[in-house]
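User: Please examine the following structure with me, question by question.

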Amino acid sequence: MGEVRLEIPARADYLGLARQVVAAAAAVEPRFRDERIDDLRVVVSEATTNAIAAHAAFDADERILIRCNLDDERIEVVVLDRAGGFDPQTVDAAPEPTAADRLEWEHGLGLPLMRTLADETDIQSSSGGTTVRLVVYTPPQHRDA
Amino acid sequence: MRRRKKRRSPVVSGTVDAVVFDLQVSERAGWTVLAVVGELDLANAPKVRQSVIHVLGTAAPGGDGQVPRRLVIDLTGVDFLDSSGLGVLIGAHRRVRAAGGELRLVANDQRIRDLFRETDLDRVFTVCPTVDDAVHGPAGDAPLAGGLDG
């Protein structure tokens, strides 16, 4: 399969379109189980949400590029933005569920969800933008299903 | 984060469909039920946040405005949830508690329930399988009393 490319404005109302296009691309490969496509929808949503949020704080007129490459055992999705970048190592983790201040944290779940649901997650970020590479295998590679 | 066990089959369309989002507020057994339909993501989370704020600003059913608000957010009609949606639910929980009220969630879709487990939020929320269970369940705000395992 060739590469599927989708370029969207950095706006939240395009999130659903991004999910649908990536899910439809993965569904071309019949070995992809439905729950894996569900995982893919979530991780793409998280990466694209982060890109939209980054542009909101930087330059909302820029566009977000989503590239999908599918083979018979996996799909690789790359989400690229041109916002100001961030250091994924310095993102604070949410407090423990029993912590008194847990309800003060409405954010911070996106990166952990990507790392949990995708089989491979790689984030490269600089002042010129962020590239998030996500790989989901037809059967999961790193966890019991 | 914990790992999942098994999940329900999803619906994945090969076409780009129009996305519907809707919020319905009703009263039931002394609880306000906010039913969410559609995809709960960054695009729609603000609508839920505003609705919760509105509900908390109005009188409780059967009360004089002094009764702590008891709120159920029904996610039965939610076909997609991500961290933006989870975040707005956390904010709702905080607001309801600050108002002296109680929040319960309803979710019966395995995908949705898995997300609560994977983010450890099953230890934060009371999640019930049906609205009936939510409004007639035992009093208290203990997370997941008979919830995700029910």
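User: How much space lies in the largest cavity?

Analyst: The model is predicted, with local features needing pLDDT of at least 70, side-chain atom pairs counting only at pLDDT 80 or more, and totals for chains, interfaces and linings using all residues. Residues are numbered from 1 along each chain as its sequence is written, and chains are lettered from A in the order in which they are written. A cavity is a set of points, on a 1 Å grid over the protein atoms alone, where a 1.4 Å probe fits but cannot get out; a volume is the space filled by probe spheres set on the points, which are joined across faces, edges and corners. A search of the whole structure finds one cavity of 30 Å³ or more, and the space in the largest cavity is about 100 Å³.

User: Which residues lie nearest the centre of the largest cavity?

Analyst: Lining residues have an atom within 4 Å of a point, and ten residues line this cavity. They divide into five nonpolar, no polar and five charged, where Ala, Val, Leu, Ile, Met, Phe, Trp, Tyr, Cys and Pro count as nonpolar, Asp, Glu, Lys and Arg as charged, and the others, Gly among them, as polar. Nearest the centre are Val42(A), Phe80(B), Leu81(B), Arg111(B) and Leu115(B).

User: What is the volume of the largest pocket?

Analyst: A pocket is an open set of points with protein on both sides within 12 Å along at least five of seven lines. The lining of the largest pocket has 19 nonpolar, eleven polar and six charged residues. Its volume is about 720 Å³.

User: Which element gives the most to the lining of the largest pocket?

Analyst: Helices (H or I, at least four residues) and strands (E, at least two) are DSSP runs, numbered from the N terminus. Elements of both chains supply at least two residues each, including strand S3 (74–81) of chain A and helix H1 (45–56) of chain B. With eight residues, the element that gives the most is H2(A).

User: Why is H2(A) described as largely enclosed by the rest of the structure?

Analyst: Buried means under 20% relative accessible area, with a 1.4 Å probe and protein chains only (exposed is over 50%, partly exposed in between). H2(A) is largely enclosed because, of its 24 residues, the number buried is 17.

User: Which residue of S3(B) is the bridge partner of Thr32(B)?

Analyst: Two strands pair if DSSP finds at least two bridges between them. Strand S2 of chain B and S3(B) run parallel, joined by eight bridges. The partner of Thr32(B) in S3(B) is Leu71(B).

Definitions and conventions
Heavy atoms only, no water.
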